[in-house]
Amino acid sequence: ATYTDPTLLATVINDLTGDPVLLVDTQAIEQKLQADPWVERVKVETDFPHGVNIDIRERKPVAAFQGGDGRFRIIDYEGRVLDVIDGIPIDYLLITGDHPDTARGQFVGAPYSAAAELVLSLPSEVSAVTESVGLNAATGALSLQLNGGTTVQLGDASHMDKKLARLLTHVRAGVVGVCEVDVSTSEVGIVPC
């Protein structure tokens, strides 16, 4: 457990210490640990006669966005807010736009899970030149901001594999001198600078 609240984990372990294995309420322990936003799945099993095994699978942070309060939310692929921090998280791709002040542990909604899925599905050549993901939460429209100032319009989350394939072709050909690329339809639009 890397991100799971160490105090919560220590409390659970301390509560178990000295209890007979047959009296351990594994479901109650699972529910207690499941309350931590970082915990995706937990399985607690007794190991007769003297032990208890706690298997925790943590959520993986994917992207971040800044809420209206100026604080940054780190989300996983489902759009669950894993943490709320004051500084800019440099380890995750930033989702730009107007965003809510979602609390830690809450799900922020389908547009954000679509943005997180986009981050996970970016081909490595595209990911290497991507600065941020744009999201219009009201419409679900997605875009990318590439190094050098090129904006990529992706539209909604449908047929993202085809859109990314079209984008990859243009990234490989080079986007120097291109201000905008629209791959939201099969007719790719290019706006030179």
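These numbered points walk through the sheet, the helices and the side-chain links of a predicted model.

1. **A closer look at S3 and S4.** These two strands run antiparallel, and four bridges join them. Follow Phe65 across to S4, and its bridge partner there is Arg73. Keep both residues in mind. Each of them returns below.

2. Which strands does H3 lie across?

3. The model has two aromatic pairs. One of them involves Phe65. Phe65 is buried, with a relative accessible area of 0%. Tyr112 is buried too, at 2%. The ring centres of Phe65 and Tyr112 are 5.0 Å apart and the planes meet at 40 degrees, so the pair is tilted. Phe65 sits in strand S3 (residues 63-66) and Tyr112 in helix H3 (residues 110-121), so the pair ties together parts that are 47 residues apart in sequence.

4. Tyr3 and Trp38 form a stacked pair, with 4.1 Å from centre to centre and 15 degrees between the planes. Tyr3 belongs to the segment before helix H1 (6-16), and Trp38 to the loop between helix H2 (26-34) and strand S1 (39-47), so the pair links parts that are 35 residues apart in sequence. Is Trp38 buried or exposed? Trp38 is buried, at 4% relative accessibility. Tyr3 is partly exposed, with a relative accessible area of 39%.

5. The model holds ten salt bridges. One of them joins Asp55 and Arg41, whose closest N and O atoms are 3.6 Å apart. Asp55 is in strand S2 (residues 51-58) and Arg41 is in strand S1, so the pair connects parts that are 14 residues apart in sequence. Asp55 is partly exposed, at 41% relative accessibility. Arg41 is also partly exposed, at 37%.

6. **A buried salt bridge.** Asp76 and Arg59 meet in a salt bridge at 2.6 Å, N to O. Asp76 lies in the loop between strand S4 (72-75) and strand S5 (81-85), and Arg59 in the loop between S2 and S3, so the pair ties together parts that are 17 residues apart in sequence. Both Asp76 and Arg59 are buried.

7. Arg73 is the bridge partner of Phe65 in S4. The side chain of Arg73 also forms a salt bridge with Asp69, at 2.7 Å from N to O. Asp69 is partly exposed, with 38% relative accessibility. Arg73 counts as buried, at 3%.

8. **The disulfide.** How many disulfides does a search of the whole structure find? One. This disulfide joins Cys179 to Cys193, with an S to S distance of 2.1 Å. Cys179 is in strand S10 (residues 178-182) and Cys193 is in the segment after S11, so the pair ties together parts that are 14 residues apart in sequence. The torsion about the S-S bond of Cys179 and Cys193 is about 130 degrees, so the disulfide is right-handed. Cys179 is partly exposed, with a relative accessible area of 31%. Cys193 is exposed, at 66%.

Note on methods: Residues numbered from 1 in each chain as written. Predicted model: local features only at pLDDT ≥ 70, side-chain atom pairs only at ≥ 80, totals over all residues. Heavy atoms only, no water. Phe/Tyr/Trp six-rings, centres within 6.5 Å; stacked < 30°, edge-to-face > 60°. Buried < 20%, exposed > 50% of the residue type's maximum accessible area, 1.4 Å probe, protein only. Salt bridge = Lys/Arg side-chain N within 4 Å of Asp/Glu carboxyl O. Pairing = 2+ DSSP bridges. Disulfide = S-S within 2.5 Å.
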